[in-house]
Amino acid sequence: MTTKIEKISPKIYKVTDNDKHLGTISTYHNLFHNKYIYLKFNLSDYSVNIPFSKIVQAEHQALQVMIDSNENPIVDFLLRNGFICKRHCYTLTVNKKDLKIEINNKLSLHFFNTESPDYRTYCQLLYKYYKQVHQSVSPLTANIDTFIQEVPTKTGYYSTNELGEIDNLVFTENNEIAYICSWDRFSSNNFIETILVKMFQNYPSIFFEADDTDWMAYQLLSYFKINKNNSFNTYIFPN
């Protein structure tokens with residue numbers, strides 16, 4: 001069989017196999033992670049081998065696909081065609097019964113919101129941490145002002161060390177732990193427990209996402225009994 005791809009518009013490639021139309025591959029960009037060009041598939045057959053290197057050559061960028069782990073035909077298709085799974089993201093809604101251990105208040109928390117004098121400082125710290133934990137898979141390409149405008153939530157908490165420096169930080173929105181950061185592995189678990197106590201005092205369940213490339217978020221994940229068979233994964237085809 002001879003599988004061919006042809007660019008038919010600025011963002012669409014047509015896929016044929018022995019002149020039989022199999023569907024299309026669409027491309028798009030993410031301005032926050034612009035190192036890669038992202039792909040979406042609309043194919044009738046995922047058993048074929050596609051020359052993805054031609055898309056790389058045409059776009060002058062490596063390729064990225066984000067997909068649920070339960071999409072088995074497409075996952076097999078990606079792996080067979082040279083894509084590498086680089087990241088697993090877990091999305092959870094959990095309650096106290098899901099905890100592996102009993103949690104307790106272990107740190108003093110400081111609340112903040114958009115009216116706090118140092119709110120931008122907290123956002124800058126989040127930007128620095130976010131950039132660090134995404135660097136190995138999908139580097140952050142947005143500047144700090146764009147990031148602060150789009151990403152942080154309006155409320156959160158932080159803890160400080162004995163020098164008064166922020167060592168742990170979390171952005172929240174209602175029952176969601178939106179982003180959690182740490183610069184101190186010794187106090188990070190105490191911070192997680194204290195945040196969980198606070199959240200469960202206010203809400204019967206909490207929601208968060210955790211990438212396995214983000215050590216603090218993944219540490220938060222480790223407090224809960226979950227099924228890791230289901231995840232939203234990132235696949236890369238290098239240039």
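Modeller: We begin with a cut-off: a residue is called buried when its relative accessible area is under 20%, exposed when it is over 50%, and partly exposed in between. Keep in mind that this is a predicted model.

Biologist: Is Glu-59 buried or exposed?

Modeller: Glu-59 has a relative accessibility of 16%, so this residue counts as buried.

Biologist: Which residue forms a salt bridge with Glu-59?

Modeller: The general idea is a side-chain nitrogen of Lys or Arg within 4 Å of a carboxyl oxygen of Asp or Glu. Here the partner of Glu-59 is Lys-7, and their closest N and O atoms are 3.0 Å apart. This pair links distant parts of the chain, since Lys-7 lies in strand S1 (residues 3–9) and Glu-59 in helix H1 (residues 52–59), 52 residues apart. Lys-7 has a relative accessible area of 38%, so Lys-7 is partly exposed, whereas Glu-59 is buried.

Biologist: How many salt bridges are there by this rule?

Modeller: The count comes to 4. One of them is between Arg-120 and Asp-145, with an N to O distance of 2.8 Å. That pair also links distant parts of the chain: Arg-120 is in helix H3 (residues 119–134) and Asp-145 is in helix H4 (residues 144–150), 25 residues apart. Arg-120 is partly exposed at 39%, and Asp-145 is partly exposed at 48%.

Biologist: Which residue does Glu-6 pair with in a salt bridge?

Modeller: Glu-6 pairs with Lys-14, and the closest N and O atoms are 3.6 Å apart. Glu-6 has a relative accessibility of 44%, so Glu-6 is partly exposed. Lys-14 is partly exposed as well, with a relative accessible area of 27%.

Biologist: Let us turn to Asn-233. In which strand is Asn-233 found?

Modeller: Asn-233 is part of strand S12, which covers residues 232–237.

Biologist: Why is Asn-233 called buried?

Modeller: The label follows from the cut-off, because the relative accessible area of Asn-233 is 3%.

Biologist: What does the side chain of Asn-233 make a polar contact with?

Modeller: A polar contact is read from a pair of N or O atoms within 3.5 Å. For Asn-233, the partner is the side chain of Ser-231, at 2.6 Å.

Biologist: Which residues is Asn-233 in contact with, leaving aside neighbours within four places in sequence?

Modeller: The list has Val-65, Met-66, Ile-67 and Ser-69, together with Cys-85, Arg-87, His-88 and Cys-89.

Conventions: Residues numbered from 1 in each chain as written. Predicted model: local features only at pLDDT ≥ 70, side-chain atom pairs only at ≥ 80, totals over all residues. Heavy atoms only, no water. Helix = DSSP H or I, 4+ residues; strand = E, 2+ residues; numbered from the N terminus. Buried < 20%, exposed > 50% of the residue type's maximum accessible area, 1.4 Å probe, protein only. Polar contact = N/O pair within 3.5 Å; in protein donor to acceptor, adjacent residues only side chain to side chain. Contact = heavy atoms within 4.5 Å.
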